[in-house]
Structure formats: C-alpha cells, structure tokens
Amino acid sequence: YEQIKDFIEKWIFLVNETERKVTLLRCHASNCLYHEMYDQLPLYILGKEFKKTDDKITVTILLLIALYMSAEKEAAEMRLKNFNYFLKRNIKDLGHNKFKRYINFVKFYSFMLKNDNINAEHCLQDEIAYRMWCSKVIKK
C-alpha cells in the first residue's frame, strides 16, 4: 500500500493541474480497494466534488464496494438505487458499452445484497465493471 501511495504522490505532478486533485483522490481510493482497505476508501471520496460523469461513477462504485464490505446494507441499497437512476439519466453520455458494464455491476451488487449468489454469478458472464472485486466477493 505504502509503495503505491508514494508512487502516486511522486508522479501526480505530471497530471494536468485542473485534473490533479480529482485524480489524486481517485488513485488513493483505488489503492485502498486494491489492498482491501475498505474502511479507508470513503476518506478519499466522501464530501469531495467530482464534476465529470466518469469520476462520479468511479467514486460511487468505490463507495458502494466500501459499504458492502462494511455490511452497511441500508446505506448500500439507497446508494445503489440512486446510482441506478444516475446511470439511466446519463446513458447517452456513457454510450452502450460503458452503460452495460455499469448496469451489470448494479445488477450484480443488487443480487449480492440479497445473498443471491447464483444470479450474481450469472452477471459475471457478461461485461461488468470492477470484475476483479466482483469475482473475489462472490467466492467469499
């Protein structure tokens, strides 16, 4: 974790100045995900402003993952519902392939909240965002 954190801090200056803060937050949050530090993940994304659609999607999925791993079912269900609406409102901006990956993540996540591993596993047969985490969590 620390090596990647140091790498991020060392090279973030190469990112366009207007994108630097958001990129830094996303990188740190992704580092937490990769190292399964789910309790630390929200520190980098909650209460922060993300203007681009892709950034909003990324941080929402990261937050959903953190909520799932901390067994915050009620908060996760509410976030998931809002995320689903957000995706449907932005379908034209996302394009078909991105939308499909994200909506499949929503389906997968919804099945996992209901402890329906069989249907959740079917979602993995198609394109899905954050496949590595989905595959890992379904095996637990």
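User: Buried means under 20% relative accessible area, exposed over 50%, and partly exposed in between (1.4 Å probe, protein chains only). Which class does K100 belong to?

Analyst: K100 is partly exposed, because its relative accessible area is 26%. This is a predicted model, in which local features need pLDDT of at least 70 and side-chain atom pairs count only at pLDDT 80 or more, while totals for chains, interfaces and linings use all residues. Residues are numbered from 1 along each chain as its sequence is written, and side-chain values use heavy atoms, with hydrogens and water left out.

User: What does K100 pair with?

Analyst: K100 forms a salt bridge with D126, and the closest N and O atoms are 3.5 Å apart. A salt bridge here is a side-chain nitrogen of Lys or Arg within 4 Å of a carboxyl oxygen of Asp or Glu. The pair links distant parts of the chain: K100 sits in helix α6 (residues 96-113) and D126 in the loop between α7 and α8, 26 residues apart. Helices (H or I, at least four residues) and strands (E, at least two) are DSSP runs, numbered from the N terminus. D126 is partly exposed, because its relative accessible area is 32%.

User: How many salt bridges are there by that rule?

Analyst: The count comes to 6 salt bridges. One of them joins K136 and E36, with the closest N and O atoms 2.9 Å apart. This pair also links distant parts of the chain, since K136 is in helix α8 and E36 in the loop between α2 and α3, 100 residues apart. In another, the side chains of E127 and R101 meet at 3.6 Å, N to O. E127 lies in the loop between α7 and α8 and R101 in helix α6, so this pair ties together parts that are 26 residues apart in sequence.

User: Back to E36. What is its phi?

Analyst: E36 has a positive phi of about 55°, although it is not a glycine. E36 counts as partly exposed because its relative accessibility is 36%. Y130, likewise not a glycine, has a positive phi of about 55°, and Y130 is found in the loop between α7 (117-123) and α8 (131-139).

User: New topic: how many disulfides does the structure hold?

Analyst: It holds 0 disulfides, a disulfide being a pair of cysteine sulfur atoms within 2.5 Å. For C32, the nearest cysteine sulfur is that of C27, 11 Å away. For C134, the nearest is that of C123, 8.5 Å away. C134 counts as buried because its relative accessible area is 0%.

User: And N31, where is that, and is it buried or exposed?

Analyst: N31 is in helix α2 (residues 17-34), and it is buried, because its relative accessible area is 2%. A polar atom of the N31 side chain lies 3.2 Å from the backbone oxygen of Y1. Leaving aside neighbours within four places in sequence, N31 is in contact (heavy atoms within 4.5 Å) with Y1, I4, K5 and I8.

User: Which residues does H28 touch?

Analyst: Not counting residues up to four places away in sequence, H28 touches K5, I8, E9 and Y44. H28 also lies in helix α2, and it counts as buried because its relative accessibility is 5%.

User: Where is F7, then, and is it buried or exposed?

Analyst: F7 is in helix α1 (residues 2-11), and it counts as exposed because its relative accessibility is 52%.

Methods
Polar contact = N/O pair within 3.5 Å; in protein donor to acceptor, adjacent residues only side chain to side chain.
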